[in-house]
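Dear colleague,

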Amino acid sequence: MSTNRPILPEVAVVGRANVGKSTLVNRLCGKRSAIVDEASGVTRDRVEHTAQWRGRDFTLVDTGGFEPHSTDALRRQVVEQTRRALSRADLVLFVVDGQAGLTEEDMRLARELRRAEAPVLLVATKVDAAEWEDDLPSLYRAGLGEPWPVSGIHGRGTGDLLDAVVRLLPAKGSQDQVEVDSEGPVSVALIGRPNVGKSSLFNRLCGQERAIVHPQAGTTRDAVDSVLVHGGKSYRFIDTAGLSRKGRQAAGADYFALVRSLRIADEADVTVLILEANRAGTDQDLRLARRVMDVGSGLVIVLNKADLLVRGEIERAREDLAYAMPFAAFAPVVVTSALTGRGAGLVWKALERVDSARRQRVKTGRFNEWLTALQASTPPPPCHGKSVRVLFGTQSRSAPPEFVFFATGPVEAPYRRFLQRSVREAFGFEGVPVRVVTRVRKRKTERE
């Protein structure tokens, strides 16, 4: 079932590095959504967070530190992401350090914001007490009206700021409408080792430069997400930080990025595990695949950077992957090149199939007809010298699918794996870890 749903208005939070943008975002969201660290430059991509105030839902877009005159290539991409956020914003929060006052970098951004189409609120952070407001008149030099004094850490003044935000948001019903599935977006996590092309593939699927791509490993720190509509269904794609074996040694922002990525992967409906086609099947790849299966997420495996291989090498990469990951043979494998766009459409198709399979429910009558035929051809082995028969089975849940089988005696592990594999093949649970539970149920004559 589909319905028309408004696109949420966007509030861009911009400012130079280390003025407290992410701390303020967390306070306005009412939860720790953004990574905060004393070091500057922690936020690099534009990161979206959903917020609500007085019955209005909107999207807060946290951005990296604005340094337009930097010669560093990575920082220039951060600035470009900030400008993209500004071009889409319905409202802008220009955050400055209320204790330090306006710097030359602040004034450069203020000049740019005075030309913006969206309304701008000047927000002075780190104003933790009333007596610290004495220096606020100097902020009028920015030419953006009255400053709003707040404390992101303590929450001081944030309620008044949110009141102002919702007053300036577009009126309800004025936003664009998009037809989406009424069940809400399917969460899709993109995971993999550092520098395997997660952000590049993410940008291909988004159809825009949504995440920063840079040769430096570990460019993505916070999870970057976007809601996309494809085939009438909405998907929330989440590009995560690279997961490496050195993660246990991470500290500060890198540690929180690792924890955030693992939590997001654990909660995703479908996980896209991205591997390098020329070196897939590493120990870390195997650990990530097993983790996805353990939490019950759907799984799509992507062999990226296929542009570096010729045809014969691609087939060999598939064979090597199948040999290294026999436990994940049920997952669709898509060969892509994020650089050229090859295979991006096939990723969409695989996601649709896996999500549909994950939510599928098999009617009990149909399931037991199949079970009777299966057991007639391949009965369970006896246990302790006694024959065992599976009396009936039923699907106890979906997403992920779980099946309960009631038998006259204990069902050995090999036969449980046989049931699991047979269920998946018979009912099309592609890319989905099927859970099988067996319970012993005595026959009526034995109970009497």
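This is a predicted model: local features need pLDDT of at least 70, side-chain atom pairs count only at pLDDT 80 or more; totals for chains, interfaces and linings use all residues.

**A buried aromatic pair**

Phenylalanine 427 is buried, with a relative accessible area of 8%. Phenylalanine 427 forms an aromatic pair with tryptophan 370; the pair is edge-to-face, at 5.3 Å centre to centre and with 70° between the planes. Tryptophan 370 counts as buried because its relative accessible area is 18%, and buried means under 20%. The pair links distant parts of the chain: tryptophan 370 belongs to helix α10 and phenylalanine 427 to helix α11 (residues 413-427), 57 residues apart. Both residues are also members of one aromatic cluster, which is formed by Phe367, Trp370, Phe403, Phe405, Phe427 and Phe429.

A second pair joins phenylalanine 392 and phenylalanine 406, and this one is stacked, with 4.8 Å centre to centre and 25° between the planes. Phenylalanine 392 lies in strand β15 (residues 390-397) and phenylalanine 406 in strand β16 (residues 402-407), so this pair ties together parts that are 14 residues apart in sequence. Phenylalanine 392 is partly exposed, at a relative accessible area of 29%. The count of aromatic pairs comes to 11.

**The chain and the confidence in it**

The chain has 448 residues, of which 50% are buried. Its secondary structure comes to 12 helices and 17 strands. Among contacts between residues at least 6 apart in sequence, 71% join residues at least 24 apart. The accessible surface is about 21,100 Å², and 47% of this belongs to carbon and sulfur atoms.

The mean pLDDT of the chain is 80, and 79% of the residues reach 70 or more. Confidence is highest in helix α10 (residues 364-377), at 95, and lowest in strand β1 (residues 2-6), at a mean of 42. The pLDDT is also below 50 over residues 34-45, a stretch that has 52 contacts in the model beyond near neighbours in sequence. Residues 247-254 have a pLDDT below 50 as well, and this stretch has 8 contacts beyond near neighbours in sequence.

**The sheet and its helices**

An open sheet of 6 strands runs in the order β3-β4-β2-β5-β6-β7, with mixed pairing. Its edge strands, each pairing on one side only, are β3 (47-53) and β7 (148-149). Strand β5 (residues 91-97) pairs with strand β6 (residues 120-125) in the parallel sense over 6 bridges, and valine 95 stands opposite valine 123 in β6. Helix α3 (residues 104-113) packs on the sheet, where it touches β2 (10-14), β5 and β6; the direction of helix α3 makes about 165° with that of β5. Helix α4 (residues 158-168) also packs on the sheet, touching β2, β3, β4 (56-62), β5, β6 and β7, and its direction makes about 170° with that of β6.

**Backbone details**

Most residues other than glycine have a negative phi, and most peptide bonds are trans. The peptide bond from alanine 399 to proline 400 is cis, with omega near 0°; proline 400 is found in the loop between β15 and β16. Asparagine 18 has a positive phi of about 65° and is found in the loop between β2 and α1 (21-29). At 40% relative accessibility, asparagine 18 is partly exposed. Asparagine 195 has a positive phi of about 65°, in the loop between β9 (186-192) and α5 (198-206), and is partly exposed with a relative accessible area of 36%.

Yours sincerely

Conventions: Residues are numbered from 1 along each chain as its sequence is written. Side-chain values use heavy atoms; hydrogens and water are left out. pLDDT is the predictor's confidence in each residue, from 0 to 100. Helices (H or I, at least four residues) and strands (E, at least two) are DSSP runs, numbered from the N terminus. Contact means heavy atoms within 4.5 Å. Two strands pair if DSSP finds at least two bridges between them. Axes are lines fitted to C-alpha atoms, for helices over the stretch in contact, and angles run from 0 to 180 degrees between N-to-C directions. Buried means under 20% relative accessible area, exposed over 50%, partly exposed in between (1.4 Å probe, protein chains only). Accessible areas come from the Shrake-Rupley method with a 1.4 Å probe; for residues, only the protein chains shown count as cover. Rings of Phe, Tyr and Trp (its six-membered ring) pair if their centres lie within 6.5 Å; planes under 30 degrees apart count as stacked, over 60 as edge-to-face and the rest as tilted.
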